[in-house]
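Open the model in your viewer and keep the sequence panel beside it. This tour tells you what to select at each stop and what you will find there.

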Amino acid sequence: MWRFRIVYLSAIIGTLILHLVYDSDMSKYIFLVVCFLPLFSLLLSLYAMLTVKLRLSVNPRYTAGQPAFVTVHLINRSPIPAGLVRFKLRTENAFTGLVANGATEGFYGAWTDRINIPVELPHSGRMTFTPLRCYCTDCMGLFAFRVRGTKPVSCYVYPAPIESEHELITLKNLKLRLVPKRGGGFSEEHEMRPYREGDPIRNVHWKLSSKWDELIIREPMEIERKRISVLIELKGSPSALDRVIGQLISLSKSLMERGLQHQILNPYAPTKKLCVFTPDNETQLFEYIRALLSQRGASGYAKPKRLIQSSSDICFRITPAVKEKSR
């Protein structure tokens, strides 16, 4: 904007020198026109300067490292095109705490327009894009009003799922066995055994009992429900946090595909709700991941905020460096 003001000031000085050198009516009229030109430009562009709006939009989901862009829409309901509309785009990652300000972008002489601004998404997290220093000038670029009411937009950046050979071997060797179903009832799996005192009469298999001359019970069975926990340590550098979240997504999805219920333990969680969570399906898993990406991860050698006590048969521990299993 200062560039336009310097040009206008040069025009004022030039027309003033012209009027002093050539003292005529024409030079006087030229000087007066140049003097009143900013006022005319302001009155002409005033409605557009007061009503122009910016609206941001972005894809709600990305993968870290994927090319991405933020679309900025210019909305001008005035019959006169807006002057110069300038702004800067601020990018903030709620998970890693990284903040970056982009270059100055803008529109000139447009009623309705849009531009796509490329942004870098190197790490996972909840990204918030906020326009800063938004202003609109008149046609000559001498006066500027702030553009208000522009809302920031957000998107979630997920790391690529990370599978390790250790995880695959552990899941394949995880032995499941059938155990009697608590409370009885319907089941697709059954086991035949001799009658014991206290067994319900409805479970007696009368055909086999008559054949073997003793009471045979048709006992409903179910897959043994092992208590599985996944302990995550969300601390370290942004790259380390990416590895933890990526391994968590991969491991949790693998467990759910095998029908194994598990709970996620996060001793670094800022809230109790994020400290212990049991996902029942993939939708709930990603809701939990989004909640994690919206909170600041621990950095450096931070100590756990909560001491989690959980009794489990198998516990997977996911650390920023490696992932190990303990019993």
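Start by selecting helices α5 and α6: α5 passes α6 in a right-handed crossing. A crossing is right-handed if the near helix is turned clockwise from the far one by less than a right angle, and left-handed if anticlockwise. The model is predicted, so local features need pLDDT of at least 70 and side-chain atom pairs count only at pLDDT 80 or more, while totals for chains, interfaces and linings use all residues. Residues are numbered from 1 along each chain as its sequence is written, and side-chain values use heavy atoms, with hydrogens and water left out.

Helix α5 covers residues 238–257 and helix α6 covers residues 282–293. Helices here are DSSP runs of H or I with at least four residues, strands are runs of E with at least two, and both are numbered from the N terminus. Two packed helices are described by the angle between their axes and the distance between the axes. For α5 and α6, the axes come within 11 Å and cross at roughly 165 degrees. Axes are lines fitted to C-alpha atoms, for helices over the stretch in contact, and angles run from 0 to 180 degrees between N-to-C directions. The two helices are therefore roughly antiparallel to each other, a label for angles over 145 degrees.

Now show side chains. On α5, select I245, L248, I249, S252, K253 and M256; they meet E282, L285, F286, I289 and L292 in α6. Contact means heavy atoms within 4.5 Å. By class, this contact has eight nonpolar, one polar and two charged residues. Ala, Val, Leu, Ile, Met, Phe, Trp, Tyr, Cys and Pro count as nonpolar, Asp, Glu, Lys and Arg as charged, and the others, Gly among them, as polar.

Stay on α5 and pick S252, which lies in this helix. Is S252 buried or exposed? S252 is buried, with a relative accessible area of 1%. Buried means under 20% relative accessible area, exposed over 50%, and partly exposed in between (1.4 Å probe, protein chains only). Not counting residues up to four places away in sequence, S252 touches H262, P279 and L285.

Next, select α1 (residues 2–21) together with α2 (25–51). Their axes come within 8 Å and cross at roughly 160 degrees. That makes α1 roughly antiparallel to α2. Here the crossing is left-handed. From α1, the contact uses Y8, A11, I12, T15, L16, L18 and H19, and from α2 it uses S27, K28, I30, F31, V34, C35 and P38. Sorted by class, these are ten nonpolar, three polar and one charged residues.

**Into the cores**

In soluble globular proteins, nonpolar side chains tend to be buried together. Select L54, V85, L121 and F129: of the 28 residues in the largest nonpolar core, these touch the most other members. A nonpolar core is a set of buried Ala, Val, Leu, Ile, Met, Phe, Trp, Tyr and Cys residues joined through side-chain atoms within 4.5 Å. Elements that each supply at least two residues of this core include α2, β1 (53–57), β4 (84–93) and β7 (125–137). Which residues does V85 touch, not counting those up to four places away in sequence? V85 touches V52, L54, L74, E105, G106, F107, Y135 and C136.

Apart from that core lies another, of 27 residues, among them I228, I232, L292 and I318. C315 is buried, with a relative accessible area of 16%.

Select R133, found in strand β7. Its phi is near 55 degrees, a positive value in a residue other than glycine. At 66% relative accessibility, R133 counts as exposed.

Move on to the loop between β11 (189–194) and α4 (206–212), where you will find P200. P200 counts as partly exposed, at 29% relative accessibility. H205 lies in this loop too, and is partly exposed with a relative accessible area of 22%. Leaving aside its neighbours within four places in sequence, H205 is in contact with M192, I216 and R218.

To finish, zoom out to the whole protein, with its six helices and 17 strands. Buried residues make up 39% of its 327 residues.

Key:
Angles under 35 degrees count as roughly parallel, over 145 as roughly antiparallel, 65 to 115 as roughly perpendicular and the rest as oblique.
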